[in-house]
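Hello,

Here is the structure I promised to pass on to you.

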Amino acid sequence: MKKKLEANIWKYAVNLVTKKRIYMSVFSVYLLTIPDSTAQTLGAVLLIGDLFGFVFELPSGYAADKLGHKRGLVLSRFTMLVSTLCFVIGGSVFWFVLGQIVMNFALALSSGTGAAFMHDTLRALGKDSQYAKIMGKVNSIGFAIPIPFVAAIPFLVLISYRAAFGVSLIFDVIGLISVIALTSPKKTAKEIEE
């Protein structure tokens, strides 16, 4: 069990690497390539997504606690994959609005859930006093590794805007596999009481 819990650290790092929305730098331009799409359309799509994100953020912590942290992470990664699929399909404004709503649901569900899961993991390993050090390294990896992929986006756009979203789709599949492979630490009865 200890080795499985220790493996959670690198699996969670994979989750963070693949969670980055590398296509956001070309999202606006891609949306504006749709016929009859304007700057106002772009603003409306982003506003709708952010409003839903705000609404989803309120109950997300409670939902993750009720589902369980691992299930919350799996649901978040699955819905992130669905949102990227919406953008890949994206032939109309409808798909962009739906993708933004689903993406903001995924982001709301994962906010705090991953940190809670990793805190539980490190506590089970007896390393909870090293949380800041370990998670600092994991978060650094999560930000550093996607940089070359973000830099490659302009070159992918030369092929197709959908190619940029296709790379994120592959990342989402890898991220989903990484969170499915996580091992949930055992909780005491006191910890699960509401």
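**Helix packing and cores**

Helix 1 (residues 2-19) packs against helix 7 (residues 131-144) at an angle of about 35°, and their axes are 8 Å apart. Before I go on, please note that this is a predicted model, in which local features need pLDDT of at least 70 and side-chain atom pairs count only at pLDDT 80 or more, while totals for chains, interfaces and linings use all residues. Residues are numbered from 1 along each chain as its sequence is written, and side-chain values use heavy atoms, with hydrogens and water left out.

A few conventions for the helices: they are DSSP runs (H or I, at least four residues), numbered from the N terminus. Axes are lines fitted to C-alpha atoms over the stretch in contact, and angles run from 0 to 180 degrees between N-to-C directions.

Back to the first pair.

The largest nonpolar core has 16 residues, and Ile 9, Tyr 12, Met 118 and Val 138 touch the most other members. A core here is a set of buried Ala, Val, Leu, Ile, Met, Phe, Trp, Tyr and Cys residues joined through side-chain atoms within 4.5 Å, where buried means under 20% relative accessible area, exposed over 50% and partly exposed in between (1.4 Å probe, protein chains only). Two or more residues each come from helix 1, helix 6 (113-124), helix 7 and helix 9 (161-180), and helix 1 gives the most, with 5 residues. Leaving aside neighbours within four places in sequence, Val 138 is in contact with Ile 9, Tyr 12, Ala 13 and Leu 16. There is also a second, separate core of 15 residues, with Phe 27, Tyr 30, Met 80 and Met 103 among them.

Two other helix pairs are worth a look. Helix 4 (69-89) and helix 5 (residues 93-110) cross at roughly 160°, their axes coming within 8 Å, and they are therefore roughly antiparallel (over 145 degrees). Their crossing is left-handed, and the residues in contact divide into 15 nonpolar, 7 polar and no charged. Helix 2 (residues 24-32) and helix 3 (residues 39-67) cross at roughly 130°, with axes that come within 9 Å. That pair is right-handed, and its contact has 7 nonpolar, 1 polar and no charged residues.

Finally, some loop residues. Asp 36, in the loop between helix 2 and helix 3, has a positive phi of about 70° although it is not a glycine, and at 78% relative accessibility Asp 36 is exposed. Thr 183, between helix 9 and helix 10 (189-192), is buried at 15% relative accessible area. Not counting residues up to four places away in sequence, Thr 183 touches Met 1, Lys 4, Leu 5, Asn 8 and Phe 117.

Best wishes

Conventions
Left-handed = near helix turned anticlockwise from the far one by under 90°. Nonpolar A, V, L, I, M, F, W, Y, C, P; charged D, E, K, R; others polar. Contact = heavy atoms within 4.5 Å. Parallel < 35°, antiparallel > 145°, perpendicular 65-115°, else oblique.
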